[in-house]
Amino acid sequence: MTKQTYQTLNVHCDDAGVLRIVIDVPGRPLNVINADVMNELDAAITDLEARKDVKLVVFKSGKESGFFAGADVSIIESISNKSQAEQLLVAGQRLFARIEKLAVPTLAVIHGPCLGGGLELALACDYRIARDNSSTKLGLPEIKLGLIPGWGGTQRLTRLIGLKHSLQMILKGLHVSAQAASSIGLVDKAIAPDRWRDELLEVINHLLHGDELHSVFAIGRGVKNRLQANEFVRQQIVAIAERSIAKQAVHFPALSSAIKAISESFENDDRGYETERAEFKKLLFTPACRNLLRLFFAKERSRQLKTWVTDHSQLLHQDPIRRLGVIGGGVMGAGIAHCAATRGYPSTIKEANKMTADAARNRVDQLVNEYAEHKGMDREQSERLKSAVMVSESMADLSDASCVIEAIVERMDVKKSVLRDLESSIGKSAVIATNTSALSVSEMASVLRYPKRFAGLHFFNPVSRMELVEVIRGDQTSDATIAKLVGFVKSLGKTPIVTKDSPGFLVNRILFPYLGEAVLMVQQGFDVKTIDDEMRTFGMPMGPLRLLDKVGLDVALHVAGTLQQMMPAAGTISTILGDFVGRGDLGCKSGSGFYRYGGKRPKPRSGRKLVSYFVQPPASIDFIEDGLTDIQRRLVYPMLLEATRCLAEGVVESEWAIDLGMVLGTGFAPQLGGPMQVIHEIGHAHFNANLARLALQLGERFETYEPVRAVNGQDTSLMKQGELL
Amino acid sequence: MSNQMPLAVIEGVRTPMAKAFTELERVSAVELGTHVVTSVIKRAMAKTDDFNFRQVDEVIMGNVSGPPDAANIARVIALSAGIPKDRIAHTVNRNCASGMESVIGAWQALASGRSTMVIAGGTESMSQIPMLVSPEAARLWIQLSKSKTFSKRLRTLAKFRPRHFRPVPGVQLGLTDPVSQLNMGETAELLAKEFGINREEQDAFALQSHQRAAAARQRCFLSGEIEPFPLRSTVFEKDNGPRDGQSMEQLAKLKPIFQRGGTVTAGNSCPLTDGAAALLLTDLETSKRFDQPLGFVTASSVAGCDPHRMGLGPVYATAKLLNQTGMTLQDFDLVEINEAFAAQVLACQRAATSTEFARNELGRSQALGEFTNEKLNTHGGAIALGHPVGMTGTRLILTLLRSLREAGGRRGLATLCVGGGQGVAMMVETNLEG
């Protein structure tokens, strides 16, 4: 029995000849592949190749949290030129090729996340088994960073599970559960958690005796894979895949690269691996990839407490939030309670009377049912989830909550009186938050005896799907409160952005000028479809008018009202939207807004039916070339301008927060990196010059208080991407 | 009118001209007009730092066919071009001279002090002149819409006869003078007879028009005044009228279209055309804010004549202009006479040199002078380029000023005949000093 010591690995061989390589990267909650892991794996394999006594190699993780979260993204980001990238790729491909070619059988034992480079390692093994519980997920998510797998993932995955599944997994960056992985052949066996130990030993024994693992699905799969090995069938599948991504591929070059690499995996030589490397290198320096990487780090940063709270050392002693109270069980209130319940927070919804309480109960139950269906939960689990949300008519039932979120009607007077009532019935240490989307947090705080513990917590609709939560710091809000709320948001699996208390906060304030401009354009006779199509071409997942319909025109009207003093055009926009709301055209929820819903796909309506009269279109003037069409510029610039204003006013302190907020909160084209990144891309001089022309063309709403300048010290390596190309 | 203030032409631009029912057939007169108004502002903005569309005080457009959906087309154009809504706009119609009438209108606007920056131009979509129904049929349609019960409606419908469904082409009505009951082509035939102009002379003149226009297009002289018009998938950049390989043989093959045994053919008359042009005009003082205005309009005259000899309008108008200004024809470096018909321009040339004509018709003892071929329409004319009726007057001023600049000349004369028996003439100068 031999044992060797590494930093990140634990290698030991038992009497039966089973060599276990246990990976445990120190100082990390989850294993990531970094340079140390690579070097030590390399050494371990070299060692292994020289040994004769080993009969089976088992790769597993030493952490209960999971197998591998993937490669260390900061290493990928730090690659500064193509030769460096080549080195890293070759090293990885070579290492995994050596593992694949080991004479002894190899087995990857997977639990928890097994993603990216981790899955590529598992794919290089002869066998994979996975623990079948909810935390186990396998996938190659590189596409989400604008990249493709670079260590043989596109090749081995395709050979293992066939072209169709492989395209699906890689192009969408899908995660699959252990069960699903076993049915498509990605793992040889999915083992239930309670039988994990026994079956694991059984499998190892089995392999030690030189037998092969056979899964029940193997035969059908074999036929399918053989069919896909046919040249013609393959070409058809690739063609279908290419068609399906054609529109997006303009914005996401990684999609076509992935298809290119995958389609070469059937060659017998190493050509596929070369293509994979070449495409990876190409992608790494595209703006889309740099922007997506930048957002990845922005998200990491926003999830760290120290980003938002300066002195966080003493905050460790604070009690975390354990029990949640929600006042008002409307769409938002029910959504928040449901979301918290799914993350293990028991919550209580306080409603005004029996009738509204019943309505709230129904809303929560429906949300839970949908969730349970989506997650494939059984009855017992969903009942347990339902019972985690209590609905009550008495304020007293909130007394044991450590955080109470108010989500009632958006009226300052009502909110104030409810908050006053609330404070008298809850403990002194409980945090109080308001889910207002626009009202002033500081003003609400004025009715509280302890305003320090009060802040805004702005969830987006629908709560369960929107990843962003704005945490609004009122004038008197304490760091401890912010810290608690940021921690709470994180534990809901969401991303917090802390903003200053100003009308519209961050996301709505930047988004609204864009939506408003689209509304004004409709009044000027621009076609609904033209407006939305132009913005989709720009890269938005959805046009502004479609988005307005989705948000609800009544909601938009309310936001317009609250932004009145900040936006010169808000009055006009309110009038137009008021007509819509008066007619009952509220958007998706009422079946008609800028589009008519009901048919297969929404139909844009003619402007004549939307506005009571048209007004004069703007004069056509020439702009400096910035890569945008006239319509795109007119719609995007209001957003960019408002973003710079938010930065200047200190609504948030850094550019990345704006970019992240807009991408997560509104679906701003992620491959463009967010509004601030778009300004960098255009260049400040051109941006200002075009703004001046827009101000001439369209009036004061485009006027800047001062020229927009680059903020020094903000230029990270990612912003200088132009130099890399 | 010789003490008129000079009118400064800051910039001018036109669309490429397209024969009716070709490239621009789907483009309305409003769109054509908006395009040139917008473009002329953009071009003027390049000549100074402190001018933009908000400073335009008035828009005057010439237009003859009056699109039914744009009653005051100048106003519609001004608003669609983004000119502030508190500014004024009106449309003028002096038939074929409407594009010049708008410039005269600008003169009045500036002289009266109501405006400082005026855009004057003309726009015409002859492709989109609607087909009409006869008054009898129109009455039946109205009656039908008033019939409320099914039986009444049936009874009204029964009154319709096949002839009621025959459309009346609006273009044809527009090109016929209701007083003399003559089609414009027929007035040209009359002139050809009166001045003894044969078919060959007319064809030769038409050929020269094509050759000159094609040559000007070839060396991109015309592109300088054209703002390409973006169509759905292409951009329409050049006039499609002038034919590069035009020959006498081809022209000779054409049959007379207005009169059996006549001499006026489709080849030696101007085609129906779509197009628009616009000038930015201001007074002399304001023009100094701009780098090098295109030129100045310094005098104008309008004269009336016999409707059935409307083609001689330029001679009457020129005579009036010379009387006003004390100039002679030799004082003009270049001359533009609109080519409605080859016969009509040739008739003008002959009338101008005839002492008898001068004595009988113009009240002058001496002949008017000579419109020499070298000075006349040096870059071709309407026979090749086309004649969008409401626009041509503006185009003549624009082309003439540019031609003068190119040739190093100073003074030019632009004149055209007007259906219904009138003529308009204008004197332009490239600079006023010296």
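Into which domains is chain A divided? Select 3–285 for domain 1, 318–500 for domain 2 and 507–702 for domain 3 of chain A; the bounds come from an automatic or database domain assignment.

Before you click on, some ground rules. This is a predicted model, where local features need pLDDT of at least 70 and side-chain atom pairs count only at pLDDT 80 or more, while totals for chains, interfaces and linings use all residues. Residues are numbered from 1 along each chain as its sequence is written, and chains are lettered from A and ligands numbered from 1 in the order in which they are written.

**Stop 1: confidence in chain A**

The mean is 87, with 94% of the residues of chain A at 70 or more. Now pick residues 708–725 of chain A: here the pLDDT is below 50, and the stretch has 18 contacts in the model beyond near neighbours in sequence. A contact is a pair of residues whose C-beta atoms, placed from the backbone, lie within 7 Å. Where pLDDT is low, the predicted coordinates should not be read in detail.

**Stop 2: domain 2 against domain 3**

Show domains 2 and 3 of chain A, whose C-alpha centres lie 30 Å apart. Their contact draws 12 residues from domain 2 and 13 residues from domain 3. On the domain 2 side, β17 (468–473) and β18 (495–500) of chain A each give two or more residues, and β18(A) gives the most, with four residues. Helices (H or I, at least four residues) and strands (E, at least two) are DSSP runs, numbered from the N terminus. By class, that side has five nonpolar, three polar and four charged residues. Nonpolar covers Ala, Val, Leu, Ile, Met, Phe, Trp, Tyr, Cys and Pro, charged covers Asp, Glu, Lys and Arg, and the others, Gly among them, are polar.

**Stop 3**

Go to α23 (residues 544–551) of chain A. Seven of its eight residues are buried, so this helix is largely enclosed by the rest of the structure. Buried means 20 or more other C-beta atoms within 10 Å of a residue's own, exposed means 12 or fewer, and partly exposed is in between, with C-beta atoms placed from the backbone. Among the buried residues of α23(A) are A:Arg546 and A:Asp549. The cover includes α21, α22 (528–538), α24 (553–562), β19 (595–596) and α27 (630–649) of chain A.

A:Val519 is buried, with 27 other C-beta atoms within 10 Å. Leaving aside neighbours within four places in sequence, A:Val519 is in contact with A:Ile573, A:Ile576 and A:Leu577.

Next, jump to α4 (residues 117–124) of chain A, where eight of the eight residues are buried. They include A:Gly117, A:Glu120 and A:Ala124.

**Stop 4: over to chain B**

Finally, show α8 (residues 199–218) and α12 (residues 342–353) of chain B, whose axes come within 9 Å and cross at roughly 100 degrees. Axes are lines fitted to C-alpha atoms, for helices over the stretch in contact, and angles run from 0 to 180 degrees between N-to-C directions. That makes α8(B) roughly perpendicular to α12(B) (65 to 115 degrees; under 35 is roughly parallel, over 145 roughly antiparallel and the rest oblique). B:Phe205 of α8(B) and B:Leu346 of α12(B) are among the residues that meet here.

Note on methods: Two residues are in contact if their C-beta atoms, placed from the backbone, lie within 7 Å. pLDDT is the predictor's confidence in each residue, from 0 to 100.
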